[in-house]
Structures are given as structure tokens and as C-alpha cells.
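The entries below follow the order in which I looked things up.

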Amino acid sequence: MTRHPTDSLQVLSVLLNYPDDDLLGSLDEISSVTDHLRPAEIRPAIRAFIDYLKTHPSITVQERYTAAFDIDPKTTMNMTYHAFGDNEKRAAALARLQHNYEQAGWTRITGELPDYLPMMLEFLSICPHPAHTAPVWQCLQGMQPLVARLEKKAPVYAALLQPVIRMATQRDAWVDNGDHPSPENA
């Protein structure tokens, strides 16, 4: 089965959630699809991340996740914060993202803000319409500051996110090459 690059976004979305028992219990299932993900450069990052989750006690993994993403706003997974901080421009960007989701017919089911990285990746993995995905990809193109900070604080997460930066900057190539799912084959 040929997989679309967006399948890797779904896997990343899952892996970037809080490492609770559900996530930690599904690592073998996630690992089983890794060899088929595209782009191929994402496979080693996912494998290394799964190995990290499997070889560390769950409490350690959970503490590191919390330290990386929940305590310091400089490494929050709320992507518009990295571009705007907390101000009116960020509020406007959040409103635009929410409007974009609504226009695509997608409803957020969590209490997270519309710029929450795992949720954005999930949206990209299921939305076949470039008109709706473009604003999300544009937001993700600003991930470099987050990844740079994570390289010092939580390198395993930085390595997991590094391919997303390349995917965001190369997304137009997917559309041009026909690799991005279209409404007909979604």
C-alpha cells in the first residue's frame, strides 16, 4: 500500500500527545506502520522516538514531556505563541485558524487552542483540500524556534519535529508532484 505523506503527520500527531498509558500501549502498533511512512526521512526519527518511549520508565517520559511543553512557554506546542507571543496578533491568528477549520467542516474535539501542534498535524492528515491546509502549513513553517529550543531541552522531541519543518517548506512540491491527497483519492 502506498502511503501519503500525510500518514506520517497522523503518526506524529499521536506521538506528540501526552505519553499516557493509551499512547504507551499503542507503540507496537505505531511501530508497525513506520516502515511505510513517507517521506522516508521521517522514519528514523519516529523509530528513535518510539525506542525512547519504550526504554524509559513511563513516569520519566511523562516528567520530561511536562518539562518540555507545559512549564516553559518558550517550548509550548501552541504554534502561534512562537510567532506572536501573547497579543492581539496571536488572537487574530487563532481566530483565523479556527475559522479555517470550520470552513473545512472540521470540529475540534479537545479543549486545546486551534494552534496546538498535535491537533494541527491531525487536521493536515485528514483534510484533502489545499485551500484549507495552506494556513496550517504556513503556521508550521514557523516551527524552527520551537525546535531550536527543544534541541537543548528535549532533543528527542526536536529530532521528531525536524522533518515537519522540511515537510512544511516542501508542501508545495507534494501538490506539484501529486503526492498530496486530492479530494478524489482521500
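These are my entries, starting with the chain as a whole.

**Entry 1: the chain.** I note first that the model is predicted. I counted secondary structure elements and got twelve helices and zero strands in the protein chain.

**Entry 2: burial and surface.** I looked up how much of the protein chain is buried: 45% of its 186 residues. The chain exposes about 9,300 Å², and I find that carbon and sulfur atoms supply 51% of that area. I then turned to sequence separation. Taking contacts between residues at least 6 apart in sequence, I get 60% that join residues at least 24 apart.

**Entry 3: the core.** I asked which residues have the most contacts inside the largest nonpolar core. They are Leu15, Ile46, Leu117, Leu140, Met143 and Leu150, in a core of 50 residues. Helix H11, residues 155–169, contributes the largest share of this core, with eight residues. I picked Met143 from the list and looked up its partners. Leaving out neighbours within four places in sequence, Met143 is in contact with Met79, Leu117, Leu161, Val164 and Ile165. Leu117 is itself on the list of residues with the most contacts inside the core.

**Entry 4: Thr76.** I next went to the loop between helix H5 (58–70) and helix H6 (79–84), where Thr76 is found. Is Thr76 buried or exposed? Its relative accessibility is 11%, and the cut-off for buried is under 20%, so Thr76 counts as buried. For its side chain I logged a polar contact of 3.1 Å with the side chain of Asn78. Not counting residues up to four places away in sequence, I have Thr76 touching Phe69, Tyr81, His82 and Leu146.

**Entry 5: the largest pocket.** I looked up the space in the largest pocket and got about 280 Å³. Its lining has 14 residues. Which of them lie nearest the centre of the pocket? I wrote down Ala93, Arg96, Pro135, Gln138 and Cys139. Elements that give two or more residues to the lining are H6, helix H7 (88–103) and helix H9 (130–140). H6 gives the most, with five residues.

Definitions and conventions:
Residues are numbered from 1 along each chain as its sequence is written. This is a predicted model: local features need pLDDT of at least 70, side-chain atom pairs count only at pLDDT 80 or more; totals for chains, interfaces and linings use all residues. Side-chain values use heavy atoms; hydrogens and water are left out. Helices (H or I, at least four residues) and strands (E, at least two) are DSSP runs, numbered from the N terminus. Buried means under 20% relative accessible area, exposed over 50%, partly exposed in between (1.4 Å probe, protein chains only). Contact means heavy atoms within 4.5 Å. Accessible areas come from the Shrake-Rupley method with a 1.4 Å probe; for residues, only the protein chains shown count as cover. A nonpolar core is a set of buried Ala, Val, Leu, Ile, Met, Phe, Trp, Tyr and Cys residues joined through side-chain atoms within 4.5 Å. A polar contact is a pair of N or O atoms within 3.5 Å; within protein, one must be able to donate a hydrogen and the other to accept it, and residues adjacent in sequence count only if both atoms are side-chain atoms. On a 1 Å grid over the protein atoms alone, a cavity is a set of points where a 1.4 Å probe fits but cannot get out, and a pocket is an open set with protein on both sides within 12 Å along at least five of seven lines; lining residues have an atom within 4 Å of a point. Grid points are joined across faces, edges and corners, and a volume is the space filled by probe spheres set on the points.
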